[in-house]
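Here's a quick briefing to read alongside the model. Have the sequence and the 3D view open as you go.

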Amino acid sequence: MGGVNVPRLVLAAPSSGSGKTTVATGLMAAFTEAGVAVSPHKVGPDYIDPGYHALATGRRGRNLDAYLCGPERVAPLFAHGAAGAQLAVVEGVMGLFDGAAGAGELASTAHVAKLLRAPVVLVVDASSQSRSVAALVHGFASWDPEVRVAGVLLNKVASDRHEELLRDAMEASGVPVLGVLRRVPALDAPSRHLGLVPVAERAAQAVEAVRGAAEQVRRGCDLDALLALARTAPPLPVTPWDAAEEVAPEPAAAPETASRGTARGSAAAAGVPARRDGRCGDGVRGGPRRPVVAVAGGPAFTFSYAEHGELLRAAGAEVAPFDPLRDEALPEGTRGIVIGGGFPEVYGPELSANKALRDEVAGLVAGGGPVAAECAGLLYLTRELDGNEMCGVLDATARMTERLTLGYREAVAVGDSSVAAAGARVRGHEFHRTAVTPGAGLEPAWGLVRPERRTEGFLGGVRGGVHASYLHVHWAASPWAARRFVERCAE
């Protein structure tokens, strides 16, 4: 096993709304502009913040999720993403110790910081306090002795006098103040029903916001001290994650195959029937062909994990991006389609107006082409979304609602499909304010087993080639999904 020695910091906060994203993005941009190669990371399943991180650093933003990928993969995935970097900045999620509901520290920022052996810098919203800030920091620094809270950035400070009071109070805490940032409302990124507006939807404004955040960080933070702190992180005794190794056929049973014997029982326990058409797929057959897999992007489909494309390529696919808002045809030679999450509800009329592409998607499905669709992709495949005609691949309709569905899920594949064998178990995440009617097809995609039991999603197309669901799944934890999908595309 090799070792990885990348200087690193984890930016955390006592709670959401403290300004982590602005400060973390500004820090990434300030170091990048100073000539430091920065690797950006985000704790949890967030898709939007990594877009701002990528804009700040010029490198793909990557997620570190101990629930979706398992704690054992966090450090290898970090090492893979940080390869060649001189500094890694990891933005936390929610409050420092907030993790998966009912699972203790699992998937919290503190948990990831421990897995990475990284010092933590606490971003504190000081806008409504003075001396109390020292008590708050002391509590966070002493709560878990395995988490090294090694510095504080005081955010949203009102004035010079306010800063003086805060610094005086912090002297007794034992935690150094590494930066003081004033409140600058113009830097606040716009939000809507699922959080920040993605970079792809506000390119020019996003560039300006990142530039402003970098300037604020340069004025208020001790970059030399922060870099010195990052260099105190010890080497990680891990081998970097490698997509090619993950999708390589195994001499013994693959993870999904090995679990089949007991997983069918899990499907039954979830109250859902399992299909038995015998489909199996652990490798890419057919020699050197590289089937074209079209991956949806553009403003309406901005949610994706970097590792998904890497796994598809490693499994033998040629990955070709396309924009359902603007492209009237799928990439030449497309054999399968991956449609991730995003905001099709914001672009319903525009997506509907692109009938040529909708017809191509439906035609590919009718011809046996596989489609893997998550959340926004599911909506795009329905008959209509808020009255706007969609692809019509699924016999369902979709609409916006007032209800937010949010949380981690455990699920078992109900039937064989282009991404999973019947009985395969996954962990996923739901995050949407839309509803699909019906909520599951006659052949559902998943049987949810925790925290609730219900069927969800749709299998369709030729031999279950369409797999559509609200569930976001990280393929780094189930690389057989990419291997299986590319195999189906190559047939």
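Which residue in E4 does Pro40 stand opposite? Pro40 faces Val89 of E4. This is a predicted model, where local features need pLDDT of at least 70 and side-chain atom pairs count only at pLDDT 80 or more, while totals for chains, interfaces and linings use all residues. Residues are numbered from 1 along each chain as its sequence is written, and side-chain values use heavy atoms, with hydrogens and water left out.

**The sheet**

- Seven strands make an open, parallel sheet in the order E3-E2-E4-E1-E5-E6-E7; strands here are DSSP E runs of at least two residues and helices are H or I runs of at least four, both numbered from the N terminus.
- Strand E3 (62-64) and strand E7 (177-182) sit at the edges with a single partner strand each, so one side of each has no neighbour in the sheet.
- From one strand to the next, the twist averages 25° (axes are lines fitted to C-alpha atoms, for helices over the stretch in contact, and angles run from 0 to 180 degrees between N-to-C directions).
- E2 (residues 38-43) and E4 (residues 87-91) pair in the parallel sense over five bridges; pairing takes at least two DSSP bridges between two strands.

**Helices on the sheet**

- Helix H2 (residues 49-57) packs on the sheet and touches E2, E3 and E4, with its direction at about 170° to that of E2 (contact means heavy atoms within 4.5 Å).
- H4 lies across E1 (8-12), E2, E3, E4 and E5 (120-125), and runs at about 170° to E1.

**H3 against H4**

- The axes of H3 (residues 71-81) and H4 (residues 109-116) come within 9 Å and cross at roughly 60°.
- On the H3 side, the contact uses Pro71, Val74, Ala75 and Phe78, and on the H4 side His111, Val112, Leu115 and Leu116.
- Those residues split into seven nonpolar, one polar and no charged (Ala, Val, Leu, Ile, Met, Phe, Trp, Tyr, Cys and Pro are nonpolar, Asp, Glu, Lys and Arg charged, and the others, Gly among them, polar).

**Buried spots**

- Glu307, found in helix H12 (residues 306-314), is buried at a relative accessible area of 1% (buried is under 20%, exposed over 50%, partly exposed in between, with a 1.4 Å probe and protein chains only).
- Leaving out residues up to four places away in sequence, Glu307 touches Arg62, Leu77, Trp241 and His474.
- In helix H8 (residues 223-230), the buried residues are Leu223, Leu226, Leu227, Leu229 and Ala230.
- Looking down the H8 axis, these buried residues fall within an arc of 160°, so they line one face of the helix (the arc is taken from the directions from the helix axis to the C-beta atoms).
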